[in-house]
Amino acid sequence: MKRDEFLKIGGATLATIIGGWPISTYASNPLLDSIARSAQSSGRVLVLIQLNGGNDGLNTLIPLDQYAVLSNKRSNILVPESSVLSLSNTGKATGLHPAMSKIRNMYDAGFVNIVQGVSYPNPDLSHFRATDIWLTGSASNQYLDTGWLGRYLNETYAGFPTGFPNATMPDPLAIQIGSGVSPVCQGPKAGMGMAISDINNFYNIVNGTVEPAPNTPAGHELTFIRFVAQQTQQYTGVIKAAAQSAKNISILYPSGNTLSNQLKIVARLIAGGLQTPLYVVSMGGFDTHASQTESADHTIGTHATLLQRLSEAVNAFFDDCRLLNVDKRVAAMTFSEFGRRIVSNGSGGTDHGTAAPVLSFGYAVNPGLIGNNPVISANTTSKDNLPMQLDYRALYASVLSDWFELDSSLMANVLFPSFQNTPAVFRKSSVTGLQENGDDEVLSQNYPNPVRTTSSIDFYSDGTDATLFLLDTQGRLVDTLAKGVYLEGKHTVEFNRSGISAGVYFYRLINRKTKSTRKMMIVD
Amino acid sequence: MGKKDKKSPLNPFDLIDPEPLYNYRADKVFTQYTNKQLPQNIARTSSTLAAYAGPWTRAAVIHLLRRTTFGISSEDITLLLSLSPGKAVDLLIDAIPAAPPNPPLNNYNAIVNDTTGVLPDTTWVNAEYGDGSINFQRMMSFKAWWFSLMLEEKLNMREKMVLFWHNHFATEVAAVGVARYSYYHNALLRKFAFGNFKSLVKAVTLDPAMLRYLNGDKNTANSPDENYARELQELFTVGTGNPTNYTQGDVEAAAKVLTGWRTTFTSSSFDPKQHSTADKQFSSFYNNTVIKYQTGVDGALETHELIEMIFKKEEAAKRICRSLYRYFVYYAIDDNVENTIIIPLAQTLVSNNFEIKPVVSQLLKSAHFFDVLNQGCYIKTPLDFLVGTFKTFGVSIQTTLSVENRYKVFNYLRGYGQTLALDLGDPPNVAGWPAFHQTPEFYQAWINSNTLPKRLIFTDTMFGNGINAGGTTFKIDAIVFAKQCSKPEDPNILIDFFVELLLALPLSTEKKTSLKSILLSNQATDSYWTIAWFDYIGSPSVSNENILRSRLNPLLIELTRLAEHQLA
């Protein structure tokens, strides 16, 4: 398989090939196990990609089944139906903007998860407030002065900054590329992140140079202080060492693409051996109130350019990660402070809206879509917004529990309130689940097994929210068998396999206190 | 150099800081990047002592304030901007209050009962020594009090000059060993802030703190102690490295002249029995002067003759002018600066019979001082940095706090200065702090692997959870600070305002745009900030306030973390 592109693979073969590595369809697959182990020991990385300005979700992930209504509501910006890049396994109901061919290829190859309709109750339409909400992880009427990842890092690296860096964690807890340390990394006691103020700043560190200063007395002293500042920044040494021990390999990085330039640095630092679990990068310009497309050709213009940059940067980054052999422990997630209005405005743009899709990337994501296409009514007015399908904090909870494996008892210190029913964005939870031994007290073996038509599963509820997922061998969500608050005690779920092809599957129970997974076989 | 390096055997200050003393000369980062020689091949100005006639801009006013006070404030800028450059300098000198500040108080009663009868919140400067514990608390009280004078000084140069003289006639509170003496010594420096240099040298020579510090009080006819006699010439007046120099014989002769001085309760007296009866022969450097032995109490007059003799040497005038230049302008004195600035200043000093005021006034009013090439090249002292943070951001210490708690705050800051390598009242030795005299590093001695991170932590903390001292939390209110800007709703004007006040060099447009992106949450529409600002002004709700703070604080942290913030 060629390294420089992600294969578009048909649905039939999707289950057996991920990114060029054939995998067996059996649960005790040694490769999957070793992936789980290596992720455990070498440390998972999350790259948070902030899309500043409010990305137009409806022009990113296009509900093709709503195209007729949309062509009425967004006539001055909507891309032609034929140009939309439909996603496999959606029955051509959903597609990506034509500028996102690289991401579409990644999707079809099983490297992308998209959660639809992410927002929060009573969404705020102000950029600043909405940004603060997403960064701090607050409700719309809640004011937090710490960031959600700052709180996570504070739980995981207790006592920071006292006693850090140390032998166990010699590296920055978070690295942000860009001016001003993002509030997302603010912990209760200290900022948990290190900011590399700009791209030049990084290369200055690597090369042991500082920004040029005028040849004056002031410039002379400035240069001296800059050197001392650079050399005494706690993590200069480890960053320089990491950067020097790995070079970017991918040839796909586009030029003139800020996000790409940032991700290039991230790939190099991860491959260089930094144990840093979190990177924050960003790209601006998504506040497309006017002329978001060319009027003559809606497939090009401001928003198309932004999506293309995003798409090419992410593709190049994961290509690089793969070549650098770190891809299995790297995941990336986009977010934006809000989506945009359903109805476009008279200036050929869109105004501030609410719910929007969140895209996650990487080897470990559950490939596919979570959530449904929004249903857009013919009565939609310029004031209407897309409904929320998932609270963004539930998405964060999945990152914390399934990717960072935060102990569930600590979750309430990070997200308030804690969110139990998290979307299965990451495959990790099921990879771990494969190694779990089902406990009959909690989750019974389904009966009958193998399943030809129907089967029943008993589970024990501790009286809290409970969800029973059906997953395939790659941990992808196939169906949700039960979801809701169940009284304490034993419950039975009837399962009908219709529409599910024969093979090995896992069913997984998650409630507040327990997680349990068992295997079932479906036969024709 | 015969510096005082032997501390009193019972030095209570040695107990304060358990950290081993940081040796910046062993700091690989410092030694790699600091000057190996005085800066060569950098652009220097040829402007002279002629009165500055350039535009009287905010930048010029800020430059003047940065160099002559411990921190700028918007209020002070506005006031000086309304004057001419000359009148602005006059104000900084003439606005010094005629009366000395109220003396330090008993803030220590909760720790040590003052058995000498000094009640809480009253001054101890007239009281008996008491015992070592009481004296130790008074030393701390004195240092905290002194810090408060810088922190709470109104617009004038008094404390900047007191620090200059403190560094010039360096004594150590811990080594002097009597808090009362250190206080009176300090009061002397303050009284002479813009006084007569020659008179000050005479007064310092007889000052009990100096007599104790450099062993003058043990200088007897039988075994003259050369310590003060040497430093009087080497450090306080003529210095070394001149075309011709004083000799060891001159040190010995001067030591004999100075025999017989003893400390009293707050002053000193002359004991003829301890005075050398020899005639004191000086070298050709002093024109072979002989100071004749004078009998009885007239022996004290020999000291007067000695200082008159020393002050006949033009080196005495030149040396103090070089020190003033390094304190106010820049440390590198090349031939051009020597000829066009130092020598004319020394002439001013001599022709004004060693009055300091005309010299400082001439220097500060000059085109040379205001030349843009002399701006931004001064590395802030720890005091400029700490006091400046409080002053510039308008953080004040409530007068409603108890004396005990106010002193705790002052002492906290004084202690932070100590971790930044300037322990007010306790310079490393009689030569003062290296940053003012150590060639070729000079100012760079303030910045090393130990001190720079601690400077950054200080400002970071002031924008974050704040510092806790005296039962109070002190932090910067970024909104209050932003409100000082003429048009805080305009992100460009606001950033220019911040840059002007916080950085000593202008920033590139590119860098300013990048800073603005913090205010705009990485967007390009300026009006988003404007709307957020007016939303808050119209309705200062928690939500609207948070929106401003969560952008202003990271921006100000970014600015104060720039190297330019360490410059003045």
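The structure is a predicted model. Chain A contains 14 helices and 20 strands. Of its 524 residues, 53% count as buried.

| Helix pair | Angle | Axes |
|---|---|---|
| Helix 10 and helix 11 of chain A | about 15 degrees | 9 Å apart |
| Helix 9 and helix 13 of chain B | about 140 degrees | 10 Å apart |
| Helix 5 of chain A and helix 26 of chain B | roughly 75 degrees | within 10 Å |

Within chain A, helix 10 (residues 258–271) packs against helix 11 (residues 302–323) at an angle of about 15 degrees. Angles under 35 degrees count as roughly parallel, and helix 10 of chain A and helix 11 of chain A are therefore roughly parallel to each other. Their crossing is right-handed. From helix 10 of chain A, the contact involves Leu259(A), Ser260(A), Leu263(A) and Ala267(A). Their partners in helix 11 of chain A are Arg309(A), Leu310(A), Glu312(A), Ala313(A), Ala316(A), Phe317(A), Asp320(A) and Cys321(A). By class, the residues of this contact divide into eight nonpolar, one polar and three charged.

Between the chains, 46 residues of chain B are in contact with 32 residues of chain A. On the chain B side, helix 1 (28–33), helix 21 (451–463), helix 24 (509–519), helix 25 (526–538) and helix 26 (542–561) each supply at least two residues. Helix 26 of chain B gives the most, with eight residues. The side of chain B that touches chain A has 27 nonpolar, 17 polar and two charged residues.

Within chain B, the buried residues of helix 9 (residues 197–205) are Phe197(B), Lys198(B), Leu200(B), Val201(B), Val204(B) and Thr205(B). These residues lie on the same side of helix 9 of chain B because they cover an arc of only 160 degrees around the axis. Their cover includes helix 10 (208–213), helix 11 (227–236), helix 13 (301–311), helix 14 (314–328) and helix 15 (335–351) of chain B.

One of these covering elements, helix 13 of chain B, packs against helix 9 of chain B at about 140 degrees. The two helices are therefore oblique to each other, and their crossing is right-handed. Lys198(B), Val201(B), Lys202(B) and Thr205(B) in helix 9 of chain B meet Thr303(B), His304(B), Ile307(B) and Phe311(B) in helix 13 of chain B. This contact comprises three nonpolar, three polar and two charged residues.

Elsewhere in chain B, Met140(B) lies in helix 5 (residues 132–151). Met140(B) counts as buried because it has 25 C-beta neighbours inside 10 Å.

Conventions: Residues numbered from 1 in each chain as written. Chains lettered and ligands numbered in written order. Predicted model: local features only at pLDDT ≥ 70, side-chain atom pairs only at ≥ 80, totals over all residues. Contact = placed C-beta atoms within 7 Å. Helix = DSSP H or I, 4+ residues; strand = E, 2+ residues; numbered from the N terminus. Nonpolar A, V, L, I, M, F, W, Y, C, P; charged D, E, K, R; others polar. Buried ≥ 20, exposed ≤ 12 C-beta atoms within 10 Å, placed from the backbone. Arc of directions from axis to C-beta. Axes fitted to C-alpha atoms, helices over the stretch in contact; angles between N-to-C directions. Parallel < 35°, antiparallel > 145°, perpendicular 65-115°, else oblique. Left-handed = near helix turned anticlockwise from the far one by under 90°.
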